[in-house]
Amino acid sequence: MRIGLLGTGPWAQMVHAPALGGHDGLDFAGVWGRRPAAAEELAARHGTRAYADVDALLADVDAVAVALPPDVQAELAVRAARAGCHLLLDKPLAATVATGRAVTEAVRASQVASVVFFTTRFQTAPEAWIGEQAARGEWFTGRAEWLGAVFTGDSPFAASPWRREKGALWDVGPHALSVLLPVLGDVRRVSAAAPGPGDTVHVVLDHAGGASATLTLSLTAPAAAAGATVELRGAAGATVLPEGSEEAVAAFRRAADALTEAARTGRAHPCDAAFGLRVTEILAEAQTLLGRDAG
């Protein structure tokens with residue numbers, strides 16, 4: 001499969017390009033970015049071609065990986081799907097429900113495969129744990145704390161305009177939901193959402209499986225407090241999400257494998273664009289409760 005990369009920022013440099021360039025089953029065919037000089041530099045580093053015209057890249061590849069802000073990603077994902085390209089997308093799928101729905105409609109109409117890269121879902125031990133807990137069922141409560149120090153530590157993502165605008169709810173909230181939804185079932189209702197210090201938010205979820213869950217999300221935690229924890233409690237006792245042993249590059253390669261398999265078989269992956277849209281809808285509902293327009 002010939003695959004192109006849209007985006008040249010820190011995540012594209014740290015994860016996408018190394019993963020695609022080092023993948024034996026993919027032909028890393030080119031890079032397009034909103035900054036042509038950055039695209040030239042990234043392409044040269046990985047022995048591929050820089051494209052000045054995004055439509056020219058879309059015409060030359062079978063699939064695209066996207067490392068762009070969610071509003072830009074959604075627009076280009078629609079364009080890529082209509083050009084017949086399979087989609088390896090980042091979270092969140094989109095910045096609004098309307099633009100997320102446009103992506104899923106384009107995927108459906110064009111019959112292309114899609115995978116959204118929720119990092120934890122493509123790490124071996126966490127994914128196995130998620131499957132085990134989903135099969136076990138009968139959970140009473142869930143608790144997810146996803147605390148980052150993006151804006152309080154030395155992070156390459158601190159200058160990200162969309163993270164400053166949308167905050168932890170939209171940046172790390174998708175990670176927490178990607179773990180809880182397959183285990184506890186869909187969210188019937190966002191029961192409450194309240195702000196905390198900095199960009200911290202607390203969210204209470206009512207799940208279709210009967211359990212309730214709480215999320216604590218932040219990008220402004222003290223560096224010493226940063227980390228992610230997911231705990232489930234139910235009839236079988238308590239269990240905690242194991243840490244993933246793979247780095248993000250290895251996890252992204254597994255996501256690329258998943259896209260290749262979905263394209264080959266025509267079977268939707270659990271983390272496809274439709275799942276990404278559902279996550280976006282839940283985030284938007286929480287954002288409305290926080291008093292901000294979700295679009």
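## Salt bridges

Let's start with a count: there are 16 salt bridges here, where a salt bridge means a side-chain nitrogen of Lys or Arg within 4 Å of a carboxyl oxygen of Asp or Glu. This is a predicted model, so local features need pLDDT of at least 70 and side-chain atom pairs count only at pLDDT 80 or more, while totals for chains, interfaces and linings use all residues. Residues are numbered from 1 along each chain as its sequence is written, and side-chain values use heavy atoms, with hydrogens and water left out.

One of the salt bridges pairs Arg 2 with Asp 27, and their closest N and O atoms are 3.0 Å apart. This pair ties together distant parts of the chain, since Arg 2 sits in strand 1 (residues 2–6) and Asp 27 in strand 2 (residues 27–32), 25 residues apart. Helices (H or I, at least four residues) and strands (E, at least two) are DSSP runs, numbered from the N terminus. Are these two side chains buried, exposed or partly exposed? Arg 2 is partly exposed, with a relative accessible area of 33%, and Asp 27 is partly exposed as well, at 35%. As for the words, buried means under 20% relative accessible area, exposed means over 50%, and partly exposed is in between (1.4 Å probe, protein chains only).

## Glu 231 and its partners

Which residues form salt bridges with Glu 231? One is Arg 143, at 3.4 Å from N to O, and another is Arg 233, at 3.3 Å from N to O. Glu 231 is buried, with a relative accessible area of 14%, whereas Arg 143 is partly exposed at 27% and Arg 233 is partly exposed at 43%.

There is also a network of salt bridges, and it links Arg 101, Asp 186, Arg 278 and Glu 281.

Strand 1 and strand 2 run parallel and are joined by five bridges, with Gly 4 standing opposite Gly 30 of strand 2. Two strands pair if DSSP finds at least two bridges between them. On the way from strand 1 to strand 2 the chain passes through helix 1 (residues 10–21), and this β-α-β crossover is right-handed. That label applies if, with the strands pointing away from the viewer, the path from the first strand over the helix to the second runs clockwise.

Strand 2 also pairs with strand 3 (residues 50–51), again in the parallel sense, over two bridges. Val 31 has Ala 50 in strand 3 as its bridge partner. Helix 2 (residues 36–45) carries the chain from strand 2 to strand 3 in another β-α-β crossover, which is right-handed. Why is strand 2 largely enclosed by the rest of the structure? Because five of its six residues are buried.

Strand 11 (residues 227–234) runs antiparallel to strand 12, joined by four bridges, and Gly 234 has Gly 237 of strand 12 as its bridge partner.
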